[in-house]
Each structure stands twice: as C-alpha cells, then as structure tokens.
Amino acid sequence: MKDFSELLAGRRSCRKYTDEPVSEDDILLLLKAGLMSPTSHNGKSWRFVVVDDKETLKLLSTSKEAGASMLSDAALAIVVCADSLSSDVWVEDASVASAMILMQAEDLGLGACWVQIRERNTMHGTPSGDYVRNILGIPMQFEVVSIISIGHKAGTKPPVREEDLQWEKVYINRYEDRE
C-alpha cells in the first residue's frame with residue numbers, strides 16, 4: 001500500500017486499458033471499498049452492479065453523449081446506483097462509494113475512470129440513467145450515479161504536482177473575495 005498522499009497524487013483517470021483481466025481477488029477488494037464507504041445515518045442506500053460481459057460493456061460505452069467510450073475496452077465496470085426512496089442524500093452516498101472504489105483501484109495498481117451518468121444524456125437525448133437502468137434491469141427506484149471503468153493501465157500519467165494545487169481556492173474561517 002502506498003502512502004495515502006502518494007495514492008491521492010497518483011490517482012489519475014485512466015481511459016486506455018490492456019486486455020489483461022482483473023483478478024477475482026481485486027474485484028472483491030474493489031467491491032469491499034464500495035461496501036465499506038460511509039453513508040448518511042449508515043443507510044447504505046447504494047447498490048453496485050459489476051459488469052464484465054464485453055457486449056454489455058460496449059452498450060454501456062454509449063451511455064452518454066461523450067466520455068464513456070473507454071468502457072468498451074475496460075476489463076470491467078462497476079455501476080454505482082442508489083435507492084432514491086430510502087435516502088435524501090443518495091447522491092452523496094453513491095458519490096463517496098464511487099470515490100472509494102477509484103482509490104482502491106489506484107492502490108491495486110489498476111486504472112479507473114469515473115463516468116458521470118446522473119444528469120447526463122445519450123447522444124439521442126435519452127437520460128443516461130434510464131439507458132443504463134434498461135440495459136442492466138435496475139429497478140426504477142435506483143438512480144444510476146456513475147459507472148467506474150476498471151482495467152490494467154495501458155500507459156501512465158504523471159502524478160498531480162503539489163505546485164499545481166490551487167491554494168487560492170482555500171479560505172480560512174470565512175470566504176473572502178480576493179479580487
């Protein structure tokens with residue numbers, strides 16, 4: 001395991017994958033990361049759908065107008081959705097779980113990328129969540145928040161550099177106009 005600061009700096013969105021499959025042990029660890037993620041009032045409103053079927057991944061790669069094509073080359077995807085009827089903060093719960101899965105992927109040396117589904121549309125104007133829900137048979141009460149593409153990295157990106165951090169966006173005790 002990397003130092004957490006190193007893990008944060010090294011985690012970059014990966015959109016190009018090799019053909020190597022992800023091991024069952026790694027898939028289990030990715031799912032544990034989602035299942036261990038904190039939720040409001042411990043409500044656990046999220047659900048996870050693991051997709052490794054290549055034809056289904058191809059269908060999911062057209063789930064939004066742009067930014068989902070890498071799903072067709074990923075070894076697998078984890079669709080993160082949440083029960084919108086059981087929690088008023090289902091978006092936050094599912095988003096935290098998505099972030100935990102992304103960080104676990106980086107810790108395992110895997111590439112991953114968040115594909116935003118909520119509030120997006122396919123190129124034909126269909127809401128992306130409805131499109132994904134129909135492909136995977138997800139019940140209506142579950143809103144699809146994201147799809148995390150996962151696979152072995154086909155290349156590397158440099159880590160985020162500390163000198164590129166935007167400290168001007170940080171305020172202490174009170175938000176102040178700096179202009």
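These legends accompany several views of one predicted model.

Residues are numbered from 1 along each chain as its sequence is written, and side-chain values use heavy atoms, with hydrogens and water left out. Because the model is predicted, local features need pLDDT of at least 70 and side-chain atom pairs count only at pLDDT 80 or more, whereas totals for chains, interfaces and linings use all residues.

**View 1. The whole chain and the order of its elements.** The chain holds five helices and four strands, where helices (H or I, at least four residues) and strands (E, at least two) are DSSP runs numbered from the N terminus. Read from the N terminus on, these elements follow the order α-α-β-α-β-α-β-α-β. The C-alpha trace spans about 50 × 40 × 35 Å along its principal axes. Of the 179 residues in the chain, 39% are buried, a label given under 20% relative accessible area, with exposed meaning over 50% and partly exposed in between (1.4 Å probe, protein chains only).

View 2. The largest pocket has a volume of about 210 Å³, the volume being the space filled by probe spheres set on grid points that are joined across faces, edges and corners. A pocket here is an open set of points on a 1 Å grid over the protein atoms alone, where a 1.4 Å probe fits, with protein on both sides within 12 Å along at least five of seven lines, and its lining residues have an atom within 4 Å of a point. Among the lining residues are Arg12, Ser13, Cys14, Arg15 and Lys16, together with Glu106 and Lys157. The lining divides into two nonpolar, four polar and six charged residues, with Ala, Val, Leu, Ile, Met, Phe, Trp, Tyr, Cys and Pro counted as nonpolar, Asp, Glu, Lys and Arg as charged, and the others, Gly among them, as polar.

**View 3. Gly155 in the pocket lining.** Gly155, one of the residues that line the largest pocket, lies in the segment after β4 (142-151). Gly155 counts as partly exposed because its relative accessibility is 43%. Gly155 and Leu60, 95 residues apart in sequence, are 23 Å apart in space from C-alpha to C-alpha.

**View 4. Asn121 and the residues it touches.** Asn121 belongs to the loop between β3 (111-116) and α5 (128-136), and counts as partly exposed because its relative accessibility is 39%. Leaving aside residues up to four places away in sequence, Asn121 touches Ser63, Lys64, Glu65, Thr126, Pro127 and Ser128, a contact meaning heavy atoms within 4.5 Å. Ser63 is 58 residues from Asn121 along the chain, yet their C-alpha atoms are separated by 7.4 Å.
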